[in-house]
Amino acid sequence: QVQLVESGGGLVQTGGSRRLSCAASGRPFSDIAMGWFRQAPGRQREFLAAISSLGYSPSYADSVKGRFTISREYAKNTVYLQMNNLDPEDTAVYYCAARITGLTRSSFTDAGEYSIWGQGTQVTVSS
């Protein structure tokens, strides 16, 4: 069973940067496609970024394209979300998600395509 542990959340000022990490265990990391989502109070869970099990096909939501970057480090079984130029509208609980795919170049942007979720990490952007 894959388990995900997120870290890196916290308080950041408008215009600042933050890097979130998500460590995966329980399965070869190269078998797992990864994604990042967020949920703000009173809003639906929102797709942010995704990357395939082989590290191809990074996908981004329009709302974060050019500001957020997803990457993965196989030696550490970890996926990252680098967030730059943060805005108070980015305040939310951020979740990483995993889908067991085997070796593939495909990434996934729909929350329903992921069966494994982390516990979430809060990011608060102050104005």
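Is Arg-43 buried, exposed or partly exposed? In this predicted model, where local features need pLDDT of at least 70, side-chain atom pairs count only at pLDDT 80 or more and totals for chains, interfaces and linings use all residues, Arg-43 turns out partly exposed, with a relative accessible area of 48% (buried is under 20%, exposed over 50%, partly exposed in between, with a 1.4 Å probe and protein chains only). Residues are numbered from 1 along each chain as its sequence is written, and side-chain values use heavy atoms, with hydrogens and water left out.

Arg-43 pairs up with Glu-89 in a salt bridge at 3.7 Å, N to O (a side-chain nitrogen of Lys or Arg within 4 Å of a carboxyl oxygen of Asp or Glu). Glu-89 itself is exposed, at 57%.

Now for strand E4, residues 32–39: 7 of its 8 residues are buried, so the rest of the structure largely encloses it. Pairing takes at least two DSSP bridges between two strands. E4 runs antiparallel to E9 (residues 92–100), with 8 bridges, and Trp-36 sits opposite Cys-96 there. E4 is also antiparallel to E5 (residues 46–51), through 5 bridges, with Met-34 facing Ile-51.

Arg-38 is buried at 7%. Its salt-bridge partners include Glu-46, at 2.8 Å between the closest N and O atoms, and Asp-90, also listed at 2.8 Å, N to O. Arg-38, Glu-46, Arg-67 and Asp-90 are linked in a salt-bridge network.

Methods: Helices (H or I, at least four residues) and strands (E, at least two) are DSSP runs, numbered from the N terminus.
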